[in-house]
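Here is a short briefing on one protein. Look over the sequence and the fold, then read on.

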Amino acid sequence: MPRLFTGIEIPEEIRDQLSDLSMPLPGAWWIDADDLHVTLRFAGDIDNPTADELVRNLDAIEGEAFVARLTGLGTFGAKEPRSLWVGVEAGPALGRLAKANEKAARAAGLAPETRAFKGHVTIARLRNSPPNAIARFLARRATYASEPFLVTSFALFSSKPLTGGGPYVVEETFPLAGGART
């Protein structure tokens with residue numbers, strides 16, 4: 001039973017920049033550079049027939065390539081932050097791609113996603129991190145912004161069954177129209 005999710009791979013030089021944002025922070029577990037990505041849709045632990053249907057549905061998505069940039073930092077988990085993230089600027093194209101992934105997941109029989117999509121890259125997981133330490137981290141890294149990069153595809157990733165987490169493996173890549181570099 002594979003644990004699957006869809007997402008966007010980030011160029012290596014930007015993954016390295018994101019790794020360089022790390023600093024000592026109590027309770028932080030920094031995500032390995034090779035596992036940094038933008039999640040589009042979490043599928044979870046699903047059976048092989050459902051995974052096959054998901055792949056067929058993802059392959060039918062007719063999205064357009066677009067330019068994205070990583071900028072802005074924040075946390076998820078208001079009173080008890082559980083992750084640090086960097087935001088994604090990509091205009092409406094990213095939202096359209098996320099909606100298409102949601103539609104593909106539902107057509108494969110997965111339950112609807114209950115949270116609104118917010119394009120981001122999780123850079124650290126947090127457990128009992130002091131709020132003042134998190135605030136210092138956010139203030140010190142507030143000016144981070146990547147160079148723009150072209151998103152020419154999205155991918156189906158797998159992770160360790162039942163537990164999640166890396167290392168993540170790209171199982172399949174789905175090209176976006178207009179993504180050829182000239």
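Two residues are in contact when they have heavy atoms within 4.5 Å of each other. Keep that in mind for the residue Phe 66, which touches Ile 8, Ala 90, Ala 93, Leu 94, Leu 97, Phe 149, Leu 150, Val 151 and Leu 176, leaving aside residues up to four places away in sequence. The model is predicted.

**Overall fold**
- The protein contains four helices and nine strands.
- Starting at the N terminus, the order of elements is β-α-β-β-α-β-β-α-β-α-β-β-β.
- Its radius of gyration is 16 Å, close to the 16 Å that the globule rule gives for 182 residues, so the protein is as compact as a globular protein of that length.
- The C-alpha trace spans about 45 × 40 × 25 Å along its principal axes.

**Contacts and core**
- Take the contacts between residues at least 6 apart in sequence: 77% of them join residues at least 24 apart.
- The largest nonpolar core holds 49 residues.
- Within this core, Ile 8, Leu 18, Leu 54, Phe 66, Leu 70, Ile 123 and Phe 154 touch the most other members.
- Helix 3 (residues 92–107) supplies the largest share of this core, with six residues.

**Surface and charge**
- Of the 182 residues, 47% count as buried.
- The accessible surface comes to about 9,900 Å².
- Carbon and sulfur atoms account for 51% of that surface.
- The protein has 20 positive and 22 negative charges.

Key
Residues are numbered from 1 along each chain as its sequence is written. This is a predicted model: local features need pLDDT of at least 70, side-chain atom pairs count only at pLDDT 80 or more; totals for chains, interfaces and linings use all residues. Side-chain values use heavy atoms; hydrogens and water are left out. Helices (H or I, at least four residues) and strands (E, at least two) are DSSP runs, numbered from the N terminus. The radius of gyration is taken over C-alpha atoms; the globule rule is 2.2 Å times the number of residues to the power 0.38. Buried means under 20% relative accessible area, exposed over 50%, partly exposed in between (1.4 Å probe, protein chains only). Accessible areas come from the Shrake-Rupley method with a 1.4 Å probe; for residues, only the protein chains shown count as cover. Lys and Arg count as positive and Asp and Glu as negative; His and the chain ends are not counted. The place of a charge is taken as NZ of Lys, CZ of Arg, CG of Asp or CD of Glu. A nonpolar core is a set of buried Ala, Val, Leu, Ile, Met, Phe, Trp, Tyr and Cys residues joined through side-chain atoms within 4.5 Å.
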